[in-house]
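Thanks for asking me to look this one over. Here are a few notes to read with the model open beside you.

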Amino acid sequence: MRLKISFFNKSIFLSDLKRYSWIGLLYFLGLFTNPLLIILFDIPNILKYKDFKISSSVLNYWSYTGLLTFLAGMLTSILIFSYLHSKEASDSIHSLPVKRETLYFSHVFSGCFILLIPIILNTAIILGLVIRFKDFFVFGTEEVFSWGLYITLYCMLFFTVTTFCASITGSIAVQGFLTIVLLNLPVFLYVTGVSNLYGLVFGYYAETNSQLIDKLAPLGRIFGGGSMPKMGFVEKIVYISLVIIFFILGAIFYRLRKSEKAGESIVFKPFEYIFKYGAAFCGMLFVGSYSTPLAQGKLWSILLSYFIGSFVCYLVAEMILNKRFNVFNRKLFQYVYFLIAMIAIIGIVKLDVFGFERYVPKPNEVKAVIFKDDTFLSSYNFSTYKIDNKFFNRDIINNTIRLHEYITKNKRQVLASANQPFSWTSNLYIKYYLKDGKEIERQYVVDRYSLSKYLKPIYENRNYKQHINPLFKVRQTNVKSIVLTKRGSERQFNIKEEDIQKFLTILKEEFSNTKYEELVFTTKEPWGYITINLKNVIYRGYNTFASHLDVPFSKSYSKLEKWLSERGYIKYARVMPDEIAYAAIGKVSSPEKVRNSVPEKLAQKAFKKATDKSLIEKYLRNYENPYIWHSYKSNGKQLYYIIFFDRANHIYDWGLLKSL
């Protein structure tokens, strides 16, 4: 018994093949570049050199292959369904004694046939070459099948998405535009959403997942690199599901669309609202992703940027829908609905209705914590947030929670302190591992000076220091050499091998005993630097390895300095008073005047010339970097500048003194 409705019409199918088979031919020739490279270049080398191997790079011209696939998939759909965008052509086609379902399915089947045959043929050719010369290929049949499968999935996705867009639009230009928008929309919403939340939600940790971005953006995955992307089983199922979903949606809307709507930008009224309000929302997110982090929590600034971005995109959407530039009429007032919704959503977020900003876990709920201060870490040449410094120490956990509670309860003061000019600004990163398996991440921009009371017990905790500093991973057996370089000199000196163990022990002890103020707020330049060259690299952070460590020789390391003096190394580690001929000292009203002056001219205005070696030693220990102004933040007393001259009458260094 024959079906009353046939979903396939042979005449329509053959007509499409006759008219558009040239797309398949061009697509085949484009894909044939891959096996052609093997035939022209690799096979002659096989015959000439018996040990020659054909690498998998032949399958990894993915940007080129992906671009061909995208263009072929989109162009095939646009041309096959081009009659939908002309009222005369649409009326003519739909007046035929053929059901709409039959038209749609026949066109889709012909498009799939045009696109799939080139992929199958090229896959078969490469597969044949691999089987014939299997001993010379570094890849096998599995990689070839994967190559063919991935291209097929991407091609079908591009074709079905474009076909769905054809069923809801009456314009070729809008169809192409919507196709690109839909393919990029998930990753756009994710990236801009994270960026906007960072500016809106106090404490939100704004880090995007690059692997998730790759999976959300098929176009970005194609054009983002030369190597063939890998797909897991779940991802393959997702792609197949999307192809089926867009295929079915296209069929539904194709059946519902009216022929007289051909030529209009959007043929369904509900989609018009989705289009223009969606454009406004995307414009708001796009502008907000740049403006909200810079707005520093100022609500009026955030709202203004959102209004500008959304209104401009809303206007453009109205122009596309109405096909004219003059859209300033009563319909434009419909934007007010979006504006009200936008203000309501932002209000809910800023009022912290769901308690995200206020939430701090209880100490008995926390199993472990990660705590970071990026400025502190970078000053010691460590890695970034991703160093694995998970702490189970209860003191560190309790002090971190105590700090976190203060930040959440004093949000305004914390933001105000961080936004002051020349503050000790730093990013704090906190991640809790709860006993119930949950993970909580927070990030705050703070002024470390105002939070010293809460940061000090964390940084002075020995367990914390030893965990984050790669110095404590260094063992004597792994040390190739230890090199001393004093400030202002390029001359280097190696510690004797028999002294390395003692040197390391003292250096680690000095760092363990260093106070928080010295670690974070020091304005004094170190005596020099200690370079520890390693035999084998050590893990230093997230995907970083160290073959050597550079450690500042701080002026607070008195025990190390004493040991270096006893062993005769001190003159190689720091400048000595007898290397300084004299120091020129003058008065200054502010650090800015020193920073903006030439040292030679300042020396001419000096009122004192110090030559006494004991005084020079005192000044060498106490002078401070003029470019770090924070130490003079609350200083109302007289300041002095000092310029050190060596025995050749050259300037060794210069800085500021708080007292003589």
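**Notes on a pocket, a helix and a cavity**

1. Let's begin with what lines the second largest pocket. Its lining divides into 21 nonpolar residues, three polar and no charged. Do keep in mind that this is a predicted model.

2. The space in this second largest pocket comes to about 620 Å³. Of its 24 lining residues, Val-181, Phe-275, Gly-278, Ala-279 and Cys-282 are the closest to the centre. Two or more lining residues come from each of α6 (141-168), α7 (172-200), α11 (269-291) and α12 (299-322).

3. How many disulfides does the structure hold? It holds zero. For Cys-282, the closest cysteine sulfur is that of Cys-313, 7.8 Å away, which is too far for a bond because a disulfide needs the two sulfur atoms within 2.5 Å. Cys-165, for its part, is buried, with a relative accessible area of 0%.

4. α7 deserves a look of its own.

5. Searching the whole structure gives three cavities of 30 Å³ or more. The second largest cavity holds about 40 Å³ of space. Its lining has six nonpolar residues, no polar and three charged. Arg-487, Glu-525 and Lys-555 are among the lining residues, as are Trp-527, Tyr-623 and Tyr-652.

Notes. Residues are numbered from 1 along each chain as its sequence is written. This is a predicted model: local features need pLDDT of at least 70, side-chain atom pairs count only at pLDDT 80 or more; totals for chains, interfaces and linings use all residues. Side-chain values use heavy atoms; hydrogens and water are left out. On a 1 Å grid over the protein atoms alone, a cavity is a set of points where a 1.4 Å probe fits but cannot get out, and a pocket is an open set with protein on both sides within 12 Å along at least five of seven lines; lining residues have an atom within 4 Å of a point. Grid points are joined across faces, edges and corners, and a volume is the space filled by probe spheres set on the points. Helices (H or I, at least four residues) and strands (E, at least two) are DSSP runs, numbered from the N terminus. Ala, Val, Leu, Ile, Met, Phe, Trp, Tyr, Cys and Pro count as nonpolar, Asp, Glu, Lys and Arg as charged, and the others, Gly among them, as polar. Buried means under 20% relative accessible area, exposed over 50%, partly exposed in between (1.4 Å probe, protein chains only).
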